[in-house]
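Hi,

Here is the structure I promised to pass on. Have a look at it first, and then read on for what turned up.

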Amino acid sequence: MEWSSESAAVRRHRGAAERREGEAAEPHREREASAPEDASGGGRTRKRSTESGGASRGAGTALCEARTVLALALYLLALRALVQLSLQRLVLSRPAGLQGEFDARQARDYLEHITAIGPRTTGSAENEILTVQYLLKQIRLIEAQSQRLHRISVDIQRPTGSFSIDFLGGFTSYYDNITNVVVKLEPRGGAQHAVLANCHFDSVANSPGASDDAVSCAVMLEVLRGMSVSSEPLQHAVVFLFNGAEENVLQASHGFITQHPWATLIRAFINLEAAGVGGKELVFQTGPENPWLVQAYVSAAKHPFASVVAQEVFQSGIIPSDTDFRIYRDFGNIPGIDLAFIENGYIYHTKYDTADRILTDSIQRAGDNILAVLKYLATSDMLASSSEYRHGNMVFFDVFGLLVIAYPSRVGSIINYMVVMAVVVYLGKKLLQPKHRNADYPRDFLCGLAITFIGWFTSLVTVLIIAVFISLIGQSLSWYNHFYIAVCLYGTATVAKIILIHTLAKRFYYVNVSNQYLGEVFFDTSLFVHCAFLAALTYQGFCSAFMSAIWVAFPLLTKLCVYKDFKKHGAQGRFIALYLLGLFIPYMYGLYLIWAVFEMFTPILGRSGSEIPPDVVLASILAVCVMILSSYFIKFIYLVKSTKTTMLTLTLLCAISFLLVCGGAFFPYSSSPANPKPKRVFLQHMSRTFHDLEGNVVKRDSGIWINGFDYTGISHITPHIPEINDTIRAHCEEDAPLCGFPWYLPVHFLVRKNWYLPAPEISPRNPPRFRLASKEKTPWGSMKLTFEAAGPSHMSFYVRTHKGSTLSQWSLGNGTPVTSRGGDYFVFYSHGLQASAWQFWIEVQQVSEEQPEGMVTVAIAAHYLSGEDKRSSQLDALKEKFPDWVFPSAWKDRMAYLVFSVS
């Protein structure tokens, strides 16, 4: 009986489908339902009249699938091409070569001289002597050429200090005798207020650091020259800070803003940074509050590129990075603007970050913008009383690099809620209209919402299943060097699943329902979803809600404008053209932002550690982007005759991509000279010594500690270097802080897979010295341990308290110990040249009688990042074995562990 009932339902569905095809062939016949609602619960059939569905004579004509798909594809490709053109046009107008204008050729000369020095780690002669000497030489030349109405002052600062920061799970930083080169350009009569321009000339080890951040310092030198030779008088001073310890987690900027006498003059700042190599410099942070700063950029910048979306994404902590902006904001209470190059992050912090990869036009546009904004601020009346304008946030975004639109967030909230109300009125009128005997719009609308969400949910689940499977079989990052593979694999799967769900709904649920009516229903559901997001984002105070407003306002206006034509002529070529034209702005800007998302996140996924499956992340982002882009195209699924060819094509493309990826056809990395995308590997030749409570050595070992900073680990390396395999996986020392490894920064929670290759003990010429200077009981019952350490320019100090004890205070930061993720304490130390021994103390408090052997374990790791002590013959030999698509960053470490008791 059950089989018979199902067969009858299937026959009714087939008959309904045939009737729809007949109606498509005879467009002037009114749609009729030949059967009442199916009693068995399969597909329901009902009659739609002109009044209920809004379909007039001729409106029953279905669109041709091939032409519709081709039109939508060409539309998206054309928009993508326009976005690419706007991004490639770096400079809107060329400088006239007048005195005081920015000269990119001179800035490039500065850049090439700085990068020719080589890697510039803090504490190295390259950073502390050679680069500083070059900067001072150029500053003196600029001073000699400056106009008499300006005065230039130069100061070399060597600050010492300490602070805690919640970056990377939280840790404390200590610096000693690091270097800042500070230049003040002011009116001849002096100034009481100043704007700060900040760059850093240090680099990470093993990288020339052209983009991060030598190019910014080159730009600042040329801006200083341009302003100093200008005949335009300044109202306020401009302080140029060339800081020498940013890569040491923002130490030099802290030293300036908390200790330098000129810091009290600063009322606003501009920070120049990099997360990529060249392209356009993006304004990705402003404030806090102080909307007048955004207005200054809007008014002055010649080649604007700014987005409040980038600001809210960056400040959410999703991107594992930070800049000096945080220091000036948190420790100086100063508002500012943060800019960074974001293109080609694949070679960021690698040996490929060279001056020749930065286009001269990128330098020109950055210089034009910085020079113009600094001039604007240095002559602004608002700078002197900036605190009076500290109210509210700003919504800001550029329009394809042509101009910036900015308005207060409170105005944005009003606009957003007005758009929401327009949608409420539009949908409310439909939902509250009297029910027709053959139409139930509220029910169809709610069912449409359910189908839409089912389509999105199932498509997300589908791509996640694919991503997890690919990760499990060891083929992650196959798209890293071939991004189109991600689109062909995850993008097509998302689109195919969405089309499948809606095709099933059209065939088995909406039987004998006007295609035109269904197109309107699903347009309304998409509009409602975007409106709901708009209301939620606005209520939560996100300035990024303007994007949702664009994706609601323009489609709604488009619908109202083309409705009469749609009702009169049905879904024809004219309707498609008008509809897509109305969606031009939201789709164009959506693709503009989607480019920025993938430009930033794709390279980051190649250095995000071993614990985060990058395919899962990328598949999720790509699926969400497809859902957004397809939202207003869903209606075409119901307007076309069939979707079989489209689904078959997408499924076939996805299947072929899947098989090729599973078969390893796409290698993730590239050593191409024109476009390298290397795999990052850290090699640390370390020697460790473990002591017990009595100070006896209980363990000593030496080896090369290997970390691959992406999800693939060493799977691609083992075929080239067989001795690096999973049999040499490093084991965690459970009783030691941070598993007993010499972590340079507390990123242990991101990289849990590492390898250990035994090697001879290292003997640096400058061995570290670490001793307990004193141990005393305090009147309040705690134990105060004072230590003294000396060694190379970079050291890490680790603390783990045993059960029953806690670290109550110390001489670092603000005096309150800050734990890292996992519960241990991490202190990052660095010094410049000629630093004295580092002395500090910790105070350990016993909180219970349960105390195992000892009450606190401390460890110190000395990192040799520069000079001859950085190298070893074993490291050099191992580096030579790596294929050319690997970028191995190598140095040496010595590490010691000690245990102390309360008695």
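Before anything else, one term: two residues are in contact when heavy atoms of theirs lie within 4.5 Å. Also keep in mind that this is a predicted model.

Leaving aside neighbours within four places in sequence, Phe242 is in contact with Leu135, Ile139, Asn180, Val181, Val183, Cys199, Phe201, Cys217, Met220 and Leu221. Phe242 also belongs to the largest nonpolar core, which has 197 residues. Along with Phe240, Leu374, Tyr490 and Phe546, Phe242 touches the most other members of that core. Which helix gives the most to this core? That is helix H18 (residues 584–604), with 13 residues. There is a second, separate core as well, with 55 residues, including Leu168, Val182, Ile257 and Ala859. As background, nonpolar side chains in soluble globular proteins tend to be buried together.

Next, the sheet. It is an open one made of 9 strands with mixed pairing, and the order is S3-S4-S21-S19-S23-S24-S14-S15-S16. At its edges sit strand S3 (161–165) and strand S16 (754–758), each of which pairs on one side only. From one strand to the next, the twist averages 25°. Helix H7 (residues 251–259) packs on this sheet and touches S3, strand S4 (171–176) and strand S21 (825–831). The direction of H7 makes about 75° with that of S4.

Now the charged pairs. A search of the whole structure gave 23 salt bridges. Here are some to click on:

- Glu112 and Arg108 meet through their side chains at 4.0 Å, N to O. They are separated by about one helical turn, because they sit 4 residues apart in helix H4 (residues 104–116). Glu112 is partly exposed at 39% relative accessible area, whereas Arg108 counts as buried at 14%.
- Arg326 and Asp322 form a salt bridge at 2.4 Å, N to O. Arg326 is buried, with a relative accessible area of 14%, and Asp322 counts as buried too, at 15%.
- Lys430 and Asp524 form a salt bridge in which the closest N and O atoms are 2.9 Å apart. This pair links distant parts of the chain: Lys430 is in helix H12 and Asp524 is in helix H15 (residues 515–539), 94 residues apart. Lys430 is buried at 15% relative accessible area, and Asp524 counts as buried at 0%.
- Arg151, Lys184 and Glu186 are linked in a network of salt bridges.

Helix H12 (residues 409–431) also holds Gly412. Is Gly412 buried or exposed? Its relative accessibility is 3%, so Gly412 counts as buried, given that the cut-off for buried is under 20%. Gly412 and Ala545 are 133 residues apart in sequence, but their C-alpha atoms are 8.3 Å apart in space.

Another residue to check is Glu128, in helix H5 (residues 125–145). At 3% relative accessibility, Glu128 counts as buried. Its side chain makes a polar contact with the side chain of Thr179 at 2.4 Å. Not counting residues up to four places away in sequence, Glu128 touches Thr122, Gly123, Arg158, Thr179, Gly244, Gly832 and Leu833.

Most residues other than glycine have a negative phi, and most peptide bonds are trans. The peptide bond from Asp212 to Asp213 is cis, with omega near 10°, and Asp213 is in helix H6 (residues 210–228). Gly287 and Pro288 are also joined by a cis peptide bond, with omega about 5°. Pro288 is in the loop between strand S9 (281–287) and helix H8 (291–300).

As for phi, Asn344 has a positive value of about 55° although it is not a glycine. You will find Asn344 in the loop between strand S10 (336–341) and helix H11 (360–378). Leu477 has a positive phi too, near 65°. Leu477 is in the loop between helix H13 (441–472) and helix H14 (483–508), and counts as buried at 0% relative accessibility.

Cheers

How values were computed. Residues are numbered from 1 along each chain as its sequence is written. This is a predicted model: local features need pLDDT of at least 70, side-chain atom pairs count only at pLDDT 80 or more; totals for chains, interfaces and linings use all residues. Side-chain values use heavy atoms; hydrogens and water are left out. Helices (H or I, at least four residues) and strands (E, at least two) are DSSP runs, numbered from the N terminus. Buried means under 20% relative accessible area, exposed over 50%, partly exposed in between (1.4 Å probe, protein chains only). Two strands pair if DSSP finds at least two bridges between them. Axes are lines fitted to C-alpha atoms, for helices over the stretch in contact, and angles run from 0 to 180 degrees between N-to-C directions. A polar contact is a pair of N or O atoms within 3.5 Å; within protein, one must be able to donate a hydrogen and the other to accept it, and residues adjacent in sequence count only if both atoms are side-chain atoms. A nonpolar core is a set of buried Ala, Val, Leu, Ile, Met, Phe, Trp, Tyr and Cys residues joined through side-chain atoms within 4.5 Å.
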